[in-house]
Amino acid sequence: MNAKRYLRLLGVQLKASGLLALQYRADFLAEGLTSLAWTFTALAPLFVVFNARPSIEGWTFQESLLVVGWFTLLQGVLEGAISPSLTGMVEHIRKGTLDFVLLKPADAQFLVSTQRFLPWRAVNVLSGVGLFVYAFVSLGRWPSLPGIFASLVLLATSMLILYSMWILVVSAAFFVVKVDNLTYLFTSIFDAARWPSAVFRGSLAWVFTFIIPLALMTTFPALALLGRLPWTWLVGAVVGAVAFASVARWVWLMSIRHYTSASS
Amino acid sequence: MSLRTSLKALPTMVRIGFSEAVAYRAEMIIWVLATTMPLIMLALWSAVARGGPVGRFGQAEFTGYFLAAFCVRQLTSSWVAWLLSYEVKQGTLAMRLLRPVSPLLAYATEVLAGIPLRIAVVLPVLGISLWAAGAQRAVPTSPGGWGLFALGIVGAWLITFYLNVLLGTLSLYLESSQKLMEVYMVLFFVCSGYMFPVEFFPAGARTVIEWLPFRYQMGLPVELMTGAHAAKEAWRLLGAQWAWVAGLGVVSMAVWRRGLARFAAFGG
């Protein structure tokens with residue numbers, strides 16, 4: 001069970017998905033179009049909101065655009081690398097074929113999380129980057145190097161959190177039998193991340209910072225790019241993400257233990 | 001598939017549907033949690049309204065509007081498109097077709113049978129709305145107003161149902177209508193008044209919105225619930241809504257019939 005073996009395994013899985021994606025080249029166009037459509041939806045309310053006010057809770061239109069950019073980018077990561085394999089996992093539970101995965105001589109969480117990738121969804125990542133460029137051009141300045149570095153660190157923590165949240169949702173699939181809605185539930189929770197977290201007040205702010213750390217995923221990186229993120233927050237984000245991931249791992253192990261296979 | 005058999009089976013189907021809804025109540029809770037977007041939008045617009053009202057919307061108006069949107073979404077939601085495309089893919093639609101009752105009627109009763117449970121979710125939210133926004137901004141205040149709202153919500157339910165049938169049936173033509181459903185959801189979210197009241201659109205876009213069905217699925221019932229329109233304007237909008245109901249009814253049934261002919265060709 002060494003790291004090298006797992007890396008090789010990941011390479012194999014990635015290659016298989018890549019070859020599969022190349023078979024359906026027309027999908028590239030479809031993915032591109034839907035990604036653009038989604039980016040537009042993310043923007044439409046933004047236009048409407050900032051039509052009413054020049055700035056909301058200290059965020060201007062261009063600055064909020066950065067948050068939307070991070071949202072779009074993470075959506076690409078989520079839909080390209082995280083959801084496809086874990087949707088497969090839900091299917092496994094429903095059909096009872098999870099047993100085959102559990103029997104394999106590798107970590108089950110690793111296996112189910114790497115079973116499928118949708119490389120075309122990388123289009124979303126490109127639209128996200130496009131939004132960054134546009135936002136900074138209209139702001140008339142560029143992010144600082146430490147800012148970019150901090151945002152890259154935060155990108156890693158966001159992906160970790162996103163993945164852990166997804167693991168938590170999938171763990172719920174062991175307990176709720178009819179799970180078709182779970183993906184939908186997840187996307188709609190994640191949806192709140194497209195707004196700067198400053199707009200949420202009271203209990204909602206608390207939930208989105210500590211329970212479901214959405215603020216950490218899109219608002220923090222945007223702040224980092226703007227050079228407004230205190231270093232302590234960055235450290236807090238890293239610690240928080242690792243803690244969150246361990247909780248998710250623990251819940252996953254509990255769920256696996258709870259799982260009685262199709263035959264027993 | 002005579003009308004009489006269908007009518008005779010109807011009470012039983014509703015009863016089964018209700019029992020199923022109760023059996024899968026966890027799934028319903030998940031669904032309710034997944035449709036909390038109006039609450040997010042409420043938080044957002046409240047932040048906007050802190051700096052002063054937007055149009056006719058202050059803090060209380062936004063509360064009334066978005067809580068009403070939450071309630072309307074619960075009562076008019078339909079997952080028939082998803083069910084249909086799933087059953088086409090799995091081939092289980094064939095089994096449904098063997099029964100002497102139209103599958104569409106079965107889907108419709110399944111959706112309707114869940115409504116009592118949904119009302120149980122809606123009532124507390126309505127209570128909060130009454131308390132936080134005041135009766136004037138939360139519910140119709142006259143019997144006539146309630147009548148208009150009832151018409152509006154039935155129309156909204158029917159439009160959503162027919163659109164779902166249409167989208168689901170298209171999976172008989174396309175390999176998968178999954179992508180199409182995504183596009184539908186995008187349009188619904190932006191154009192229906194779900195994320196912000198349609199009157200916030202600039203004048204040109206509003207004309208387009210008035211011609212699209214989405215506004216009548218969400219915005220109109222919400223506006224009728226919160227008493228945004230005078231009677232004359234309300235009747236005009238209801239007229240447009242029911243024109244959509246009629247049009248979509250005819251089109252979706254026609255496409256469904258033709259689609260079924262194709263489906264029969266699948267299995268030989």
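Modeller: The radius of gyration used here is taken over C-alpha atoms, and the globule rule is 2.2 Å times the number of residues to the power 0.38. The model is predicted.

Biologist: Why is chain B said to agree with a compact globule?

Modeller: Chain B has 268 residues, so a compact globule would have a radius of gyration near 18 Å. Chain B has 19 Å, which agrees. The C-alpha trace spans about 65 × 40 × 30 Å along its principal axes.

Biologist: What makes up the secondary structure of chain B?

Modeller: Chain B has 15 helices and zero strands. Among its contacts with a separation of 6 or more, 78% join residues 24 or more positions apart.

Biologist: What share of chain B is buried?

Modeller: Buried residues make up 53% of the 268 in chain B. The cut-off for buried is under 20% relative accessible area. The accessible surface of chain B is about 12100 Å², and carbon and sulfur atoms hold 70% of that.

Biologist: Which residues touch the most other members of the largest nonpolar core?

Modeller: They are A:M89, A:F190, A:W195, B:W45 and B:F62, in a core of 157 residues. Helix α3 of chain A, residues 61-95, gives the largest share of this core, with 16 residues.

Biologist: What does A:F190 touch, not counting residues up to four places away in sequence?

Modeller: A:F190 touches A:F71, A:L74, A:Q75, A:L78, A:L162, A:L214 and A:M217.

Biologist: Why is A:R194 called buried?

Modeller: Buried means under 20% relative accessible area. A:R194 has 3% relative accessibility, so A:R194 counts as buried. A:R194 sits in the loop between α8 (182-191) and α9 (202-211) of chain A.

Biologist: What makes the link between the side chains of A:R194 and A:D191 a polar contact?

Modeller: The pair of N or O atoms must lie within 3.5 Å. For these two side chains the distance is 3.2 Å, and the pair counts as a polar contact. Beyond four places in sequence, A:R194 is in contact with A:T41, A:A42, A:V67, A:V68, A:F71 and B:M195.

Biologist: Why is A:E57 called partly exposed?

Modeller: Partly exposed lies between the limits, under 20% for buried and over 50% for exposed. A:E57 has 29% relative accessibility, so A:E57 counts as partly exposed.

Biologist: Where does A:E57 lie, and what is its phi?

Modeller: A:E57 is in the loop between β1 (55-56) and β2 (59-60) of chain A. Its phi is positive, about 50°, although A:E57 is not a glycine.

Conventions: Residues are numbered from 1 along each chain as its sequence is written. Chains are lettered from A and ligands numbered from 1 in the order in which they are written. This is a predicted model: local features need pLDDT of at least 70, side-chain atom pairs count only at pLDDT 80 or more; totals for chains, interfaces and linings use all residues. Side-chain values use heavy atoms; hydrogens and water are left out. A nonpolar core is a set of buried Ala, Val, Leu, Ile, Met, Phe, Trp, Tyr and Cys residues joined through side-chain atoms within 4.5 Å. Buried means under 20% relative accessible area, exposed over 50%, partly exposed in between (1.4 Å probe, protein chains only). Helices (H or I, at least four residues) and strands (E, at least two) are DSSP runs, numbered from the N terminus. Contact means heavy atoms within 4.5 Å. A polar contact is a pair of N or O atoms within 3.5 Å; within protein, one must be able to donate a hydrogen and the other to accept it, and residues adjacent in sequence count only if both atoms are side-chain atoms. Accessible areas come from the Shrake-Rupley method with a 1.4 Å probe; for residues, only the protein chains shown count as cover.
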